[in-house]
Each structure stands twice: as structure tokens, then as C-alpha cells.
Amino acid sequence: MYCGNGLLLTQAMDFYVDSIVNAPIDNTGGHIGSGHTSPKPRGRFNPTSGQSAPTGDWVYTYRADSTAGDEYWTIYVRVSPSDPAPCRGQAWYYRFRNAKRAEGLLKIPEQGALAYGAITSEHFDIFYATPFVRASTLKLASVYARNYSGSTLRLTAASLLFGGVNDIRNDWRRPHIRHRFGTDIDVNAAQGGGGQRRLDAIIMACRFNGFAHAIPEADHVHCFGTYPFGR
């Protein structure tokens with residue numbers, strides 16, 4: 001750790017971390033903060049205070065919350081009075097902006113026989129996926145259109161831009177917990193209604209065009225990028 005004394009920057013080898021305060025930043029990670037019924041969950045630190053090691057290091061672990069997004073970290077520090085540095089005994093804080101993100105997700109475009117469903121939850125955009133799942137989604141829409149000429153497949157959910165909980169009840173919780181990594185999508189038949197025959201056709205299109213599994217859920221089909229182990 002380094003401390004400043006006028007124009008001099010000196011390494012303080014012996015210091016104490018009094019506390020760490022982290023504050024989630026609204027409107028990051030694809031969530032519209034004001035629409036939720038409770039404050040955005042925080043990540044967790046362990047430990048949150050303690051004495052530095054003889055080497056001048058203080059090691060902690062941080063577990064980000066599954067909601068994804070940015071946080072401000074404020075670390076309050078004071079230098080030990082026994083430290084030989086010229087700023088011994090002083091206290092100050094460092095502030096960081098940290099981002100927990102699933103990198104590399106791409107937007108699934110409205111294209112040909114594929115159109116977006118309405119976003120009914122408090123999110124900016126829920127139509128992102130891994131490159132493989134993006135390609136598989138466009139392919140299954142094309143296959144579906146060949147079976148039902150003139151029909152449009154409606155994409156009702158995928159993932160947020162940076163991953164994380166894609167909650168549909170604005171409470172940072174389940175359901176939709178599978179829509180965190182860009183691997184899963186929800187689709188239904190936009191024209192001609194759902195109907196079991198059309199839902200079955202969507203299930204088969206998912207299974208034969210890159211998805212590991214597909215199951216009906218209410219009026220749509222959930223296509224899994226990996227075999228389902230829970231929802």
C-alpha cells in the first residue's frame with residue numbers, strides 16, 4: 001500500500017484495514033434499479049477488516065452477487081503508528097468501481113422469422129446469448145419458418161448483456177435463474193397461437209439445432225444450452 005506526503009509517494013508496510021463498504025450501482029448489469037421491490041443485493045467480502053501481513057499485503061476474497069453489475073468499493077485504511085513511512089498514523093480511504101460481468105455475450109437479432117417478445121420486467125434488454133446459442137437460435141427460427149410458412153417465432157427471453165439474474169418479478173430472485181449465462185432462451189409461436197402441435201415443433205427445432213434440451217413452460221418453450229439441472 002502507498003501513501004502520499006506532499007509530492008512524496010511512500011510505501012507503508014504496516015497498516016490496518018478498518019472496513020470495506022460496497023454499494024451496488026443502479027442501472028448497471030441490465031437492471032433498472034428503480035423498478036425493483038427491494039435494494040440491489042451486494043457482493044460479499046471476507047474478511048472486511050484486519051492487519052496487513054509483514055510483506056505489506058492484505059488479502060481478501062470477494063464473492064459477487066448473481067445479479068451482476070457494478071459496485072463502488074470504499075476501503076478505509078490507517079497506517080500503523082510504528083510504520084517508518086512519513087504518513088504514519090494517518091487514515092484515508094480508497095474508492096474503486098468494480099464490474100462483475102459475463103463477457104462476450106452477443107445480441108440475438110430480430111431476423112427473418114425471429115422477432116422479440118415484449119419485455120415485461122424491469123430490464124433494458126434480455127436478448128443476449130453466447131455466440132453458439134445466438135447462432136443456434138437463428139437457425140431454429142429458420143427451421144420453424146420452413147415448417148410453418150409465414151409464421152414468426154417470438155423470442156421472449158435470453159440473457160442480460162452482462163449475464164446475471166434475469167428476474168421477472170423485480171425482486172432479484174427466481175424464477176428465470178437459468179437465464180444468467182447466455183445459454184438459455186424462451187421462444188413461442190407468435191402467429192396462429194401456441195397450440196401443442198406448434199410447441200412440439202419448437203421443441204424439436206431446439207433439440208436438432210444446437211440445444212441440449214427443450215421443455216414446454218406455460219405458453220412457451222425453454223431451450224437449454226446445457227442439460228437442465230434446476231430452474
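Trainee: In this predicted model, is alanine 68 buried or exposed?

Mentor: A residue counts as buried when its relative accessible area is under 20%. Alanine 68 has a value of 4%, so the residue is buried.

Trainee: What is the phi of alanine 68?

Mentor: Most residues other than glycine have a negative phi. Alanine 68 sits in the loop between strand E6 (61–63) and E7. Its phi is positive, with a value near 65°.

Trainee: Which residues are closest to the centre of the largest cavity?

Mentor: The count gives one cavity of 30 Å³ or more, and the volume of the largest cavity is about 70 Å³. The lining comprises 13 residues, and by class these are five nonpolar, three polar and five charged. Strand E7 (residues 69–79) gives the largest share, three residues. The residues closest to the centre are Asp65, Thr67, Ala68, Gly69 and Glu71.

Trainee: What is the phi of asparagine 27?

Mentor: Asparagine 27 belongs to the loop between E3 and E4. At 44% relative accessibility, this residue is partly exposed. Asparagine 27 is not a glycine, yet its phi is positive, at about 65°.

Trainee: Is the peptide bond from asparagine 46 to proline 47 cis or trans?

Mentor: Most peptide bonds are trans. Proline 47 is part of the loop between E4 and strand E5 (50–51). For the bond that runs from asparagine 46 to proline 47, omega is near -5°, and the bond is cis.

Trainee: How many residues apart in sequence are aspartate 18 and arginine 78?

Mentor: Five salt bridges are present in the structure. In one of them, the side chains of aspartate 18 and arginine 78 come to 2.8 Å, N to O. Aspartate 18 belongs to strand E3 (residues 15–24) and arginine 78 to strand E7, so their bridge ties together parts whose separation in sequence is 60 residues.

Trainee: How many residues are in the largest nonpolar core?

Mentor: In soluble globular proteins, nonpolar side chains tend to be buried together. Ile185 and Val221 touch the most other members of the largest nonpolar core. Among the elements that give two or more residues to this core are helix H1 (131–147), helix H2 (195–207) and strand E15 (220–224). A second, separate core has eight residues, including Phe15 and Trp58, whereas the number in the largest core is 31.

Trainee: In which strand is asparagine 188 found?

Mentor: With a relative accessible area of 13%, asparagine 188 is buried. Leaving out residues up to four places away in sequence, its contacts include Leu153, Arg154, Thr156 and Ile202. The strand that holds asparagine 188 is E13.

Trainee: What volume does the largest pocket have?

Mentor: The lining of the largest pocket consists of 14 residues, and Ala118, Thr120, Thr156, Ala157 and His176 are those nearest its centre. Strand E12 (153–157) and strand E13 (185–189) each contribute at least two residues to this lining. By class, the lining holds five nonpolar, seven polar and two charged residues. The volume of the largest pocket is about 240 Å³.

Definitions and conventions: Residues are numbered from 1 along each chain as its sequence is written. This is a predicted model: local features need pLDDT of at least 70, side-chain atom pairs count only at pLDDT 80 or more; totals for chains, interfaces and linings use all residues. Side-chain values use heavy atoms; hydrogens and water are left out. On a 1 Å grid over the protein atoms alone, a cavity is a set of points where a 1.4 Å probe fits but cannot get out, and a pocket is an open set with protein on both sides within 12 Å along at least five of seven lines; lining residues have an atom within 4 Å of a point. Grid points are joined across faces, edges and corners, and a volume is the space filled by probe spheres set on the points. Helices (H or I, at least four residues) and strands (E, at least two) are DSSP runs, numbered from the N terminus. Ala, Val, Leu, Ile, Met, Phe, Trp, Tyr, Cys and Pro count as nonpolar, Asp, Glu, Lys and Arg as charged, and the others, Gly among them, as polar. A salt bridge is a side-chain nitrogen of Lys or Arg within 4 Å of a carboxyl oxygen of Asp or Glu. A nonpolar core is a set of buried Ala, Val, Leu, Ile, Met, Phe, Trp, Tyr and Cys residues joined through side-chain atoms within 4.5 Å. Buried means under 20% relative accessible area, exposed over 50%, partly exposed in between (1.4 Å probe, protein chains only). Contact means heavy atoms within 4.5 Å.
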